[in-house]
Amino acid sequence: MAQKSVMLEVREITLAIELIELGARLQLLEAETTLSRDRLTRLYKEVKGESPPKGMLPFSTDWFTTWQPNIHASLFYNIYRFMSQRGGCATIHSIVKAYRLYLEHVRLHLDEPVLSLTRAWTLVRFFDSGMLQTTPCTRCRGHFVAHAHDPHQGFVCGLCAPPSRAGKTRKAADAHGGGTQAAVGKLSAAAAEALPGGAEASA
């Protein structure tokens, strides 16, 4: 019995270290492990060489529906949805794997990540609580993050129709958005096929 508890503790410490390395806030660590706050704080200092940042976690769904964050949030969530449906692992491990793939995609297309791990984790919680949903774009057919129960008839995503106020950021989207748009579309289709009932389940 003692050996089992030691093994569990090792797994939790390993998970905590991985989350810290990816930029997790202390509140996320407390929610996903059973390690004490004091121990997590000391572990954070060992890994990062500094004290964990203070302050509240993001709590508004609105951030995820603004133009650039919406593109990144949609990319991450489609990866996460695919991983959680096909990977057969716990939610936090699906989040970590999906976030690593998100970072890899963004860097591959010479872009900067907009979504932090903590925001990605919060995004999943918003979906689980029914506050957010995915809505299909009528042009590219990719599924994008939207407020739950918002009307989706005629919805056009921010990649197909960037706002004029985007300015220089819009030029970056024009230059690199094609890869992200294709990724969102492919992941949306793959995730839909993994749902009970196939693609019809996501309609």
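**Buried rings and crossing helices**

Mentor: Phe126 has a relative accessible area of 8%, so Phe126 is buried; buried means under 20%, exposed over 50% and partly exposed in between, with a 1.4 Å probe and protein chains only. Keep in mind that this is a predicted model, where local features need pLDDT of at least 70, side-chain atom pairs count only at pLDDT 80 or more, and totals for chains, interfaces and linings use all residues. Residues are numbered from 1 along each chain as its sequence is written, and side-chain values use heavy atoms, leaving out hydrogens and water.

Trainee: How do you know that Phe64 is buried?
Mentor: Its relative accessibility is 0%, so Phe64 counts as buried.

Trainee: What makes the pair of Phe64 and Phe126 edge-to-face?
Mentor: Rings of Phe, Tyr and Trp (its six-membered ring) pair if their centres lie within 6.5 Å; planes under 30 degrees apart are stacked, over 60 edge-to-face, the rest tilted. Here the centres are 5.9 Å apart and the planes at 80 degrees, so edge-to-face it is.

Trainee: And why is the pair of Tyr77 and Phe127 called stacked?
Mentor: Their planes are at 10 degrees and their centres 3.7 Å apart, so the pair counts as stacked. Both residues are buried, too.

Trainee: What angle do helices α5 and α6 make?
Mentor: About 130 degrees, with their axes 10 Å apart. That makes α5 oblique to α6, because under 35 degrees is roughly parallel, over 145 roughly antiparallel, 65 to 115 roughly perpendicular and the rest oblique.

Note on methods:
Axes fitted to C-alpha atoms, helices over the stretch in contact; angles between N-to-C directions. Helix = DSSP H or I, 4+ residues; strand = E, 2+ residues; numbered from the N terminus.
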